[in-house]
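Trainee: I have a new structure open and would like to learn how to read it. Could you take me through some features, one at a time?

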Amino acid sequence: MTKESLMKAGLTEEQADSIMSEIDSDYVAKTDYNAQADKLKLAEEKVQTTEEALKKFDGVDVEGLKKQVSDLQDDLQKKDTEYQQKITDMAFDSALDAAISAANGKNAKAIRALMDIDTLKASKNQQEDMRTAVAQIAKENDYLFGDISQPHYNPPKGGKPNAATDMASALAEHYNK
């Protein structure tokens with residue numbers, strides 16, 4: 001329907017303009033219509049995809065999954081705490097061994113046995129308390145400390161001065177007698 005066909009039907013130009021504006025307001029441009037149709041189609045596909053994804057979760061115990069996640073998080077926290085404790089223990093052991101070595105300790109295992117390790121671990125000033133504990137043990141057990149480079153047994157000198165050091169010289173010495 002056009003404006004001219006309305007005017008031929010006996011309407012005035014103002015009436016034809018009014019009718020045409022009403023008709024135009026009810027219609028949408030084809031590009032706008034296609035854009036809206038595409039949006040609707042995309043939204044329907046999203047809904048369908050979402051419904052299919054939700055169907056995969058039918059029969060799933062949500063509370064059980066939450067409990068599993070919570071348990072896994074707790075386990076992770078425990079492991080993290082264990083590792084931190086191991087790292088702390090290794091640092092403590094290293095510092096204690098260093099303190100024993102600095103005092104020329106001969107047997108770190110024996111010296112550790114004489115120490116109150118739990119008290120030292122709980123100490124606020126571990127380094128100083130370690131040195132103090134090692135010094136106290138050194139006073140009480142001086143045989144555990146000293147120069148470790150000096151051998152305890154010094155065998156007497158002697159033997160053959162030209163002793164063979166390899167198989168060829170040993171055989172030559174034996175057959176040349």
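Mentor: Gladly! Keep in mind that this is a predicted model. Let's begin with salt bridges, where a side-chain nitrogen of Lys or Arg comes within 4 Å of a carboxyl oxygen of Asp or Glu. Here the side chains of Glu 63 and Lys 66 form one, with 3.9 Å from N to O.

Trainee: How many residues apart are Glu 63 and Lys 66 in helix 4?

Mentor: They are 3 residues apart, so about one helical turn separates them. Glu 63 counts as exposed because its relative accessibility is 54%, and Lys 66 is exposed as well, at 53%.

Trainee: How many salt bridges does the count come to?

Mentor: The count comes to 6. One of them pairs Lys 121 with Asp 89, whose closest N and O atoms are 3.4 Å apart. That pair links distant parts of the chain, since Lys 121 is in helix 6 and Asp 89 in helix 4, 32 residues apart. Lys 121 is partly exposed at 37% relative accessibility, and Asp 89 is partly exposed at 22%.

Trainee: Which residue does Arg 112 meet in a salt bridge?

Mentor: Arg 112 meets Asp 97, at 3.1 Å from N to O. Arg 112 lies in helix 5 and Asp 97 in helix 4, so the bridge ties together parts that are 15 residues apart in sequence. Asp 93 joins Asp 97 and Arg 112 in a network of salt bridges.

Trainee: Let's turn to the nonpolar core. Which residues of the largest one touch the most other members?

Mentor: To read a core, look for buried nonpolar residues joined through their side chains. The largest one has 13 residues, and those touching the most other members are Leu 96, Ile 111, Met 115, Leu 120, Met 130, Val 134 and Phe 145. Helix 4 and helix 7 each supply at least two residues of this core, with the largest share, 5 residues, coming from helix 4. Leaving aside neighbours within four places in sequence, the contacts of Leu 120 include Phe 92, Leu 96 and Met 130.

Trainee: And pockets? Which helix gives the largest share of the lining of the largest pocket?

Mentor: For a pocket, look at the space and then at what lines it. The largest pocket holds about 160 Å³ of space. Helix 7 gives the largest share of its lining, 5 residues, and helix 6 supplies at least two. By class, the lining has 5 nonpolar, 4 polar and 3 charged residues. Leu 120 is among the lining residues, and it also belongs to the largest nonpolar core.

Conventions: Residues are numbered from 1 along each chain as its sequence is written. This is a predicted model: local features need pLDDT of at least 70, side-chain atom pairs count only at pLDDT 80 or more; totals for chains, interfaces and linings use all residues. Side-chain values use heavy atoms; hydrogens and water are left out. On a 1 Å grid over the protein atoms alone, a cavity is a set of points where a 1.4 Å probe fits but cannot get out, and a pocket is an open set with protein on both sides within 12 Å along at least five of seven lines; lining residues have an atom within 4 Å of a point. Grid points are joined across faces, edges and corners, and a volume is the space filled by probe spheres set on the points. Helices (H or I, at least four residues) and strands (E, at least two) are DSSP runs, numbered from the N terminus. Ala, Val, Leu, Ile, Met, Phe, Trp, Tyr, Cys and Pro count as nonpolar, Asp, Glu, Lys and Arg as charged, and the others, Gly among them, as polar. A nonpolar core is a set of buried Ala, Val, Leu, Ile, Met, Phe, Trp, Tyr and Cys residues joined through side-chain atoms within 4.5 Å. Buried means under 20% relative accessible area, exposed over 50%, partly exposed in between (1.4 Å probe, protein chains only). Contact means heavy atoms within 4.5 Å.
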